[in-house]
2 protein chains.
Amino acid sequence: MPLSVLEEVRDELVCYPGAGASIMEISHRDKRFVDLLHEAQATLRQLLGISDDYEVLFLQGGAALQFSMIPANLLRGTGKTAQYLLTGSWGKKAIKEAKKEGDALSIYDAGETNYDRLPAAGDYQVADDAAYLYYCSNETIQGVQFTDEPACPDSVPLVSDASSDFLCRPLDISKYGLLYACAQKNAGPAGVTVAIVRKDLLQRSPADLPGYLNYNNHAEADSEWNTPPTFAIYVLGKIAKWLRDDIGGLDAMLQQNQQKSQTLYQVIDQSNGFYRGHAQTEARSLMNVTFNLPNDDLQASFIAEAAKHDLAALKGHRSVGGIRASIYNAMPVEGVNTLASFMKDFAKANG
Amino acid sequence: MPLSVLEEVRDELVCYPGAGASIMEISHRDKRFVDLLHEAQATLRQLLGISDDYEVLFLQGGAALQFSMIPANLLRGTGKTAQYLLTGSWGKKAIKEAKKEGDALSIYDAGETNYDRLPAAGDYQVADDAAYLYYCSNETIQGVQFTDEPACPDSVPLVSDASSDFLCRPLDISKYGLLYACAQKNAGPAGVTVAIVRKDLLQRSPADLPGYLNYNNHAEADSEWNTPPTFAIYVLGKIAKWLRDDIGGLDAMLQQNQQKSQTLYQVIDQSNGFYRGHAQTEARSLMNVTFNLPNDDLQASFIAEAAKHDLAALKGHRSVGGIRASIYNAMPVEGVNTLASFMKDFAKANG
Ligand SMILES: Cc1ncc(COP(=O)(O)O)c(C=O)c1O
Ligand SMILES: Cc1ncc(COP(=O)(O)O)c(C=O)c1O
Ligand SMILES: [Mg+2]
Ligand SMILES: [Mg+2]
Ligand SMILES: [Mg+2]
Ligand SMILES: [Mg+2]
């Protein structure tokens, strides 16, 4: 998270200005909190150019609850098929939940090449009457990110899990039926998930869904159907403002993210094969740079050495191994430069 | 929240000791967070004497998601009937969700007397083969609180919504099948809900539940099935320690809560009918003191005058009106004394 946001949160922690109490103590119905919630929504609308055709919801349960809410609201009872593009681990978890709610079909699965790529033109075909087309814009674990939205017929709502690349670049929300992201990568602390839902889709939700799982309840109550995660929303609002005011918007954020990721990919590409990137070049993520070293011993010593330079959390996800450098929005350019230097030195010493 | 907790959170906000990062930034899989989660669980186990027969889960979605998770896990597919005691608004919302999952029956409903009372012996009969008996230990809006657990056959798991009186007094958890509480009254910030579940009940959960809704997933992953609300759990842990170390445990907390609530009930009882308590004497809540004034004008001026004395949030819930003084654990005795003095003065001036 940006230091300036953390410092503001710290300064307001005991006593939120004008409230005589912590933001954690005031009611979610208190005008001061409701104003903060509306401001957070408005800033997201501004950053992403979200039109009034969409609801901006703040939910609990993380991305994992969206794996179920999406098919519960958009697939259950429709008699249609939900179609999934599988480019990594999170898409696979999502389709597993969808299959509990109805007919869910993987129409593209890069599992055979260990999720190192994106579909090329013609690699999949979406049925015109599909309930929706689902994809994960950035597969966090594999470091595979779509550059543009995947091809999708106009008749089919596009649904995106943007958990790990939300707010890393501008997006044309009008291309989506539903886009969601848990906050804990770029948008805020764990505990709040943003769901941007095209209003016409709300008509699909079956009335007998568990109340919390029905998007309509949250939309009608403006994310106060029950007590929302107030503190997390408050912090998310500050981060959105930091993106707008300090960074200068999502175009500027994208530029920084391109610079940061290119710095690392360059080290990989110029290492004479010492570092082997996991994702194919066209599929490389701006957020998660994944690569392997020649063997497990070197990998272990890379992680151990890096820790001595205060470079932490580099171990790849336990399901795929290797190294993963997560360079989310708040990671400063200098942090990435430190890692790049270390990588070069390590390759020289061990190559 | 206790000031000492808020101050600690503030001091650790930017940089959690030893982590070189904010608690909001470190991964939920980071040992430092996992230790905090375990410590929070352990402190709750200590405070309430929770045995190893129970799981202590930290969930998202608030109490409202529990309204659905309970019947989804414990009723769906059993062919049994879930039985509900309705002593106020929250129980009514809970049974509405249960009816979506199966056969749910209200076996006691105090709606005819505007939810001012608790069931007396013989007022209800629980079937020996009920899926569970559900009640809300403290109806927040009506200010009606059970003193003891309601009578329930040994064969039937007792389920309690303790959202608004959790940790206000000692409890014998061994009497419960499941007890849950959203944190935002006594236990922490909004965004985390504690569910204490007897392990044998986990066998009931249907395998095809939405993953997030299945208690087994959370139990098996020790509340890390997906990213938990890390910051909220961290604060909850501090509040639990404050209860244990600064207050001296739940017996001491109960004593304070009795003293605080009696102070206000005494003013009501000695007001010659100027203040009319909503709950019958035996049903009076330690947490939410609800009462009415002679007419709406006096009620409005009571709220306006009180605000001038920094006494806020006294307006009763919009569904029932009147006045509600919520005096949760963290409300100091002096705050209650200030309110009591104000009430006496106001009655004298307007009575
Ligand atoms: C792309 C993606 N989807 C889903 C998730 C799951 O999020 P949560 O743990 O909040 O359920 C993650 C978490 O890392 C993610 O990166
Ligand atoms: C007794 C009780 N149950 C349930 C709830 C609902 O909690 P949430 O808003 O977290 O869903 C509340 C909230 O005030 C409550 O007091
Ligand atoms: Mg609007
Ligand atoms: Mg969430
Ligand atoms: Mg144990
Ligand atoms: Mg919660």
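The legends below describe close-up views of a predicted model.

**View 1. Ligand 1 at the boundary of two chains.**

**View 2. Polar contacts of ligand 1.** On the chain A side, an oxygen atom of ligand 1 is 3.2 Å from a polar backbone atom of A63(A), and an oxygen atom of the ligand is 3.4 Å from an N or O atom in the side chain of W90(A). Of the 400 Å² of accessible area that ligand 1 has on its own, the protein covers 96%.

**View 3. L167(A), a residue with positive phi.** Most residues other than glycine have a negative phi. L167(A), although it is not a glycine, has a positive phi of about 70 degrees. This leucine is found in the loop of chain A that runs between β7 (158-161) and β8 (178-182). Because its relative accessibility is 2%, L167(A) counts as buried.

**View 4. D222(B), a residue with positive phi in a loop of chain B.** D222(B) is likewise not a glycine, and its phi is positive at about 50 degrees. The loop that holds D222(B) lies between α5 (215-220) and α6 (230-247) of chain B. With a relative accessibility of 29%, D222(B) falls between the limits of 20% and 50%, and it therefore counts as partly exposed.

View 5. T290(A) has its place in strand β11 of chain A, which comprises residues 288-292, and the residue counts as buried because its relative accessibility is 6%. The side chain of T290(A) reaches the backbone oxygen of Q142(A) at 2.9 Å. When neighbours within four places in sequence are left aside, the residues in contact with T290(A) include I141(A), Q142(A) and G143(A), the run R276(A), G277(A), H278(A) and A279(A), and the pair I323(A) and R324(A).

Terms used: Residues numbered from 1 in each chain as written. Chains lettered and ligands numbered in written order. Predicted model: local features only at pLDDT ≥ 70, side-chain atom pairs only at ≥ 80, totals over all residues. Heavy atoms only, no water. Polar contact = N/O pair within 3.5 Å; in protein donor to acceptor, adjacent residues only side chain to side chain. Areas by Shrake-Rupley, 256 points an atom, 1.4 Å probe, with all protein chains shown as cover. Helix = DSSP H or I, 4+ residues; strand = E, 2+ residues; numbered from the N terminus. Buried < 20%, exposed > 50% of the residue type's maximum accessible area, 1.4 Å probe, protein only. Contact = heavy atoms within 4.5 Å.
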